[in-house]
Amino acid sequence: MKTWITPILCCLLLIAAGCGKKGIRSPRQENLFSWESADAALTGNGCLAISALMKGAARNVDGFSIELEPLAASADSTLPKELQTPQDTCEGCPFTPRETQELTPQQAVPTDSGTRFAFTYCPQTKAAAYRWRLVARNVFMAFPYALTPVKTVR
C-alpha cells in the first residue's frame with residue numbers, strides 16, 4: 001500500500017507546482033507613454049507645423065499618425081463644388097476625421113520633461129481651419145493608442 005502513496009504524492013506535487021496565474025501577460029507600466037501637450041500652426045503654404053511633447057517611454061513608439069477634419073470651406077475655386085460650401089464648419093460637433101496619414105517626425109529632442117517631436121503635414125483637402133489630433137502607437141500591442149486632445153488650428 002505504501003508503494004502507491006509515494007507515486008501519487010509525487011504526481012500531486014508536480015501538478016501543484018505547475019499551477020499559476022493564467023492569462024494574457026501585459027507589459028509593465030514603465031513601457032507606457034502619453035502626450036503632454038501638442039500645438040500646431042498653419043504655414044504660408046497651407047501646411048501644418050506641429051510640435052508635441054511626449055512623456056514616458058517614447059522609445060517604445062511604433063509609429064505616428066494624424067487625424068484631420070477640415071472646418072471651413074476654402075476659397076480655392078479649383079476644388080469641387082461640395083468642398084467649397086461651408087458644410088464642414090461645425091466646431092461643436094463630434095470629431096470626424098476626413099484624413100488620416102502616417103507621420104514621421106522631422107525632429108525628436110529629448111528634454112527633462114519628455115521628448116519633443118516636430119512634424120509637418122500638408123493636408124490633401126485645403127481649408128481655412130482644421131480640427132486635428134495626433135495618434136501614437138506602442139510597440140506593445142496591449143497598450144491603447146496615445147491620443148492628443150482634439151485641437152483646432154486656423
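**Reading contacts, rings and sheets**

Student: Which residues does Glu 67 touch, leaving out those up to four places away in sequence?

Tutor: Glu 67 touches Phe 95, Pro 97, Glu 99, Thr 100, Arg 131, Trp 132, Arg 133 and Val 135. Keep in mind that this is a predicted model.

Student: Where is Glu 67 found, and is Glu 67 buried or exposed?

Tutor: Look in strand E3, which covers residues 61-70. For burial, the cut-off to apply is under 20% relative accessible area. Glu 67 comes out at 15%, so Glu 67 counts as buried.

Student: Let's turn to the core. Which residues have the most contacts inside the largest nonpolar core?

Tutor: That core has 23 residues, and the ones with the most contacts inside it are Trp 35, Leu 48, Met 54, Phe 64, Ile 66, Trp 132 and Leu 134. At least two of its residues come from each of these strands: E1 (33-42), E2 (48-56), E3, E6 (114-121) and E7 (130-138).

Student: How do I read a pair of aromatic rings?

Tutor: You describe it with the distance of the centres and the angle of the planes. Here the count is 5 aromatic pairs. Take Phe 64 and Phe 119: their centres are 5.1 Å apart and their planes are at 65°. Planes over 60 degrees apart count as edge-to-face, so that is the label for this pair. The pair also links distant parts of the chain, since Phe 64 is in strand E3 and Phe 119 in strand E6, 55 residues apart.

Student: Are Phe 64 and Phe 119 buried or exposed?

Tutor: Phe 64 has 5% relative accessibility, so Phe 64 counts as buried. Phe 119 is buried too, with a relative accessible area of 2%. Both belong to a cluster that ring pairs build from Trp 35, Phe 64, Phe 117 and Phe 119.

Student: Now the sheet. What is the order of the strands in the open sheet of 4 strands?

Tutor: Read it as E1-E2-E6-E5, with antiparallel pairing. E1 and E5 (107-111) stand at the edges; each has a single partner strand, so one side of each lacks a neighbour in the sheet. From one strand to the next, the twist averages 20°.

Student: How many bridges pair E5 and E6?

Tutor: The two strands pair over 5 bridges, in the antiparallel sense. To get your bearings there, find Gln 107, which stands opposite Ala 118 in E6.

Key:
Residues numbered from 1 in each chain as written. Predicted model: local features only at pLDDT ≥ 70, side-chain atom pairs only at ≥ 80, totals over all residues. Heavy atoms only, no water. Buried < 20%, exposed > 50% of the residue type's maximum accessible area, 1.4 Å probe, protein only. Contact = heavy atoms within 4.5 Å. Core = buried A, V, L, I, M, F, W, Y, C linked by side-chain atoms within 4.5 Å. Phe/Tyr/Trp six-rings, centres within 6.5 Å; stacked < 30°, edge-to-face > 60°. Pairing = 2+ DSSP bridges. Axes fitted to C-alpha atoms, helices over the stretch in contact; angles between N-to-C directions.
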